[in-house]
Amino acid sequence: MNKFPLPPVVDGDKETKGRILIVAGSREMAGAALLVSTAAMRAGAGKLRMVTGKSVAVQTSIAMPEALVVGLEEARDGGFTRTAIHQIREEADHVDAVVAGPGMAVAKTGALLAEQLLRSPASVVLDAALLHSLKRGEPELRRGGHPSLLPHAGELSSLLDSEEEEIDDDPIGCGIRAAELYQANVLVKGVTSHVVTPDGRAWSFSGGAPGLGVSGSGDTLAGIVGGLLARGAEPLTALLWSVLLHGEAGETLARKVGPIGFLAHEIPDEIPALLAR
């Protein structure tokens, strides 16, 4: 990874280590916001703000005392209201990185939320529900450079309007198609994961452990990407390092706990030591 160096460790206050906004969680999956946020902080982000549904904001704030938690109004389908989305955009204009989508409901306003975040100056990571809502936007509208998209096969098939079997047959080719269509760096998640770029470059990673295939694991990966972006890493660098760190955290837990049976919330705790190596 010498060609993709991470930013040096900064000895300063929280502002010098990067500001991150996490937009995540819902009534049914409030814990997703905690998984993403913990991973972002373990990756070295300095200042954490979280936006989640008003119905779960108090509980989330208590569970994550490191964060400033903003609870916004929810629509009937579980998404945010249009007024709430404008508030989220204002939040995004004042941070270095945004991670949005984990634990959120697929909602009518999802496309508007993704569009507004992509128009912000922050480096943006989109995952889960927002991948089902994402529209092919004009690259010139994107102020924060190439966004990072983190789909599994089902979400990638939604992005491409194709069958999931097509993704399984050609994950790299389908990933490159999505990267070109959305002008994004794309991580095609799977037992072997692939990072692809809009200009057709591709990297594959087959490490990790079977135990990484567990609920919430992808949320921690999204948080690691966001944390590295907040610290100042370039989007492609953050994505490549995050895949490696997530996999190595799985390998470490496999040695401690066993190849399966460890929990997603245990993954972030391994990241600081891996970064220090």
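A salt bridge is a side-chain nitrogen of Lys or Arg within 4 Å of a carboxyl oxygen of Asp or Glu. The model shown is predicted, so local features need pLDDT of at least 70 and side-chain atom pairs count only at pLDDT 80 or more, while totals for chains, interfaces and linings use all residues. Residues are numbered from 1 along each chain as its sequence is written, and side-chain values use heavy atoms, leaving out hydrogens and water.

**View 1. Lys 189 and Asp 127 meet in a salt bridge.** The N to O distance here is 3.5 Å. Lys 189 sits in the loop between strand 7 (185-188) and strand 8 (193-196), and Asp 127 in the loop between strand 5 (123-126) and helix 5 (129-133), so the pair ties together parts 62 residues apart in sequence. Helices (H or I, at least four residues) and strands (E, at least two) are DSSP runs, numbered from the N terminus. Is Asp 127 buried or exposed? Its relative accessibility is 3%, so Asp 127 counts as buried. Buried means under 20% relative accessible area, exposed over 50%, and partly exposed in between (1.4 Å probe, protein chains only).

**View 2. Arg 42 pairs with Asp 269.** The closest N and O atoms of this salt bridge are 3.2 Å apart. Arg 42 belongs to helix 1 and Asp 269 to the loop between helix 10 and helix 11, which places the partners 227 residues apart. Arg 42 is partly exposed, because its relative accessibility is 38%; Asp 269, at 43%, is also partly exposed. By the salt-bridge rule, the count comes to 12.

**View 3. Here we look into the largest nonpolar core.** A nonpolar core is a set of buried Ala, Val, Leu, Ile, Met, Phe, Trp, Tyr and Cys residues joined through side-chain atoms within 4.5 Å. Helix 10 gives the largest share, nine residues.

**View 4. Asp 168 belongs to a negative surface patch.** Patches are made of residues with over 30% relative accessible area and no salt bridge, with like charges joined within 9 Å and nonpolar side chains (Val, Leu, Ile, Met, Phe, Trp, Tyr) within 5 Å. Asp 168 lies in helix 7 (residues 164-169) and counts as exposed, because its relative accessibility is 53%.

Terms used:
Areas by Shrake-Rupley, 256 points an atom, 1.4 Å probe, with all protein chains shown as cover. Lys, Arg positive; Asp, Glu negative; His and termini not counted. Charge placed at Lys NZ, Arg CZ, Asp CG, Glu CD.
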